[in-house]
Amino acid sequence: MSRRKHQPLAVLASILVAAALTIVPLGETLAWFRPYWMALVIIYWGIESPREGGLATAFFAGLLLDVLTGTLLGQHALSLVIVAYIVARFRLRIRFFPLWQQALVVLAILLNDRIIEIWILGLSGRPVPGWQALWPPLTAMLAWPWVFLLLDEARRRTR
Amino acid sequence: MTEPESHDSSVFSARGGSAAALSIYTLICVVLMVADHHGSFLDRVRSLLSVAAQPIVAAVHWPIDASRATAEFFAEREALVSRNEELEQRWLLARAELTRFAALQDENTRLRALLETSPRLGDKVVIAELLAVDLDPFTHRIMIDRGTESDVFLGQPIADAGGIIGQIEQVQPFSAFARLITDPSHAIPVLVNRTGMRSIAYGLGQTDLLLLRDVPRSADISPGDLVVTSGLGGRFPAGFPVGTVTELNRETGTPFLTVELKPSAAIDASREVLLVWPKDETAARTADSRTP
């Protein structure tokens with residue numbers, strides 16, 4: 001269908017923007033609250049356009065983050081693939097939730113993600129973050145409605 | 001309109017959410033992580049990917065860099081003149097110090113020749129710019145704008161005007177990641193300049209604090225002492241300032257002191273860092289074939 005032609009472009013653009021937002025300098029205190037932008041983008045496309053927002057997209061977006069931030073190759077990839085899987089699994093339910101309920105789902109998914117991340121860091125013998133690690137999922141929850149509306153608008157314009 | 005679409009995509013959602021796909025991707029990721037953690041087979045892959053990702057870094061770094069540059073461009077003339085004067089004075093002082101230092105250096109080489117030890121001076125130094133990007137706030141790492149193209153190597157020490165900042169942890173063609181000495185997983189061999197007592201300075205994850213653990217209670221150490229790199233281990237060249245002693249903590253029940261240091265380098269304030277090529281670079285390189 002021709003109206004779907006530009007969708008991959010919108011997905012790619014949003015992934016690049018999320019990657020840039022991940023490394024934009026925020027200063028020492030604000031950096032603790034930085035939401036996991038890439039996860040929000042992956043969740044959005046997972047809900048709205050499973051064709052592009054699948055596990056493969058999540059995997060490559062994760063690899064991009066790994067190289068950008070110098071983490072273990074595959075660390076962000078695994079985290080995002082799991083996020084995308086959970087979204088795909090419950091897509092039909094999440095899709096018709098009101099925004100605030102979706103935000104709660106986002107919180108749950110990202111808390112789960114944190115547990116997996118801490119597990120990976122622990123296994124590889126790297127220092128494990130403290131309680132501040134719980135802030136980003138909370139700010140991501142608050143950011144979700146805005147990200148959703150913004151991406152919805154962008155998607156509507158590009159197709 | 002929405003009916004057929006949702007029906008259509010539910011097929012995809014079933015496919016996209018299949019447990020088989022998840023396990024395949026998980027397997028790939030785990031293999032990647034294990035390979036990355038245990039060896040350097042993935043360095044080439046990482047280099048290639050990092051070059052592809054470089055435009056994103058540039059897109060984030062350049063606007064910030066440009067805004068700094070414009071701010072400097074439009075700075076008041078008076079401020080510039082006074083700053084220039086101040087710098088000139090400081091330069092004069094520094095030059096006077098340097099001439100004295102040169103004499104001392106000569107004397108040092110002579111004495112070392114008498115003692116038949118190798119002179120250890122003349123490390124090569126190059127300035128690198130910090131890229132204005134944030135990494136994970138839970139680790140103390142920075143990204144600099146030089147990589148293998150500028151001959152940066154793994155484990156290379158970096159410093160600023162004040163002292164040691166950290167060491168290179170990952171090298172890519174045009175950029176490199178460095179771990180700071182304040183990172184909780186970092187430790188650096190040091191000695192107290194006044195007494196020559198050796199110890200190890202650990203990072204704690206705070207930008208203004210380093211710790212010497214297990215210092216004997218009888219040790220001759222007091223607040224204000226300068227702590228420098230000892231050069232043991234072959235990674236950091238000897239004699240670079242690391243920190244000054246601020247506090248001694250006697251912990252009850254142990255025969256040891258823990259000593260708090262304030263880093264000499266402006267860990268969280270510098271925009272430029274010095275890459276140091278130690279004189280006996282080959283030794284440093286072989287010492288660093290293992291990742292930190």
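Angles under 35 degrees count as roughly parallel, over 145 as roughly antiparallel, 65 to 115 as roughly perpendicular and the rest as oblique. This is a predicted model: local features need pLDDT of at least 70, side-chain atom pairs count at pLDDT 80 or more, and totals for chains, interfaces and linings use all residues. Residues are numbered from 1 along each chain as its sequence is written, with chains lettered from A and ligands numbered from 1 in the order written.

Q: How are α3(A) and α3(B) oriented to each other?
A: Helices here are DSSP runs (H or I, at least four residues), and strands are E runs of at least two, numbered from the N terminus. Helix α3 of chain A (residues 55-69) packs on helix α3 of chain B (residues 43-73) at about 85°, axes 9 Å apart. Axes are lines fitted to C-alpha atoms over the stretch in contact, and angles run from 0 to 180 degrees between N-to-C directions. The two helices, α3(A) and α3(B), are therefore roughly perpendicular.

Q: Which residues of α3(B) meet α3(A)?
A: Contact means C-beta atoms, placed from the backbone, within 7 Å. From α3(A) come A:Leu63, A:Leu64, A:Val67 and A:Leu68. Their partners in α3(B) are B:Arg46, B:Leu49, B:Ser50, B:Ala53, B:Ile56 and B:Val57.

Q: How many residues does chain B give to the contact with chain A, and which elements give two or more?
A: Chain A gives 37 residues and chain B gives 39. On the chain B side, the elements giving two or more are α1 (2-16), α2 (19-38) and α3.

Q: What does the secondary structure of chain B come to?
A: Chain B has 292 residues. Its secondary structure comes to five helices and 12 strands.

Notes: A residue is buried if 20 or more other C-beta atoms lie within 10 Å of its own, exposed if 12 or fewer, and partly exposed in between; C-beta atoms are placed from the backbone.
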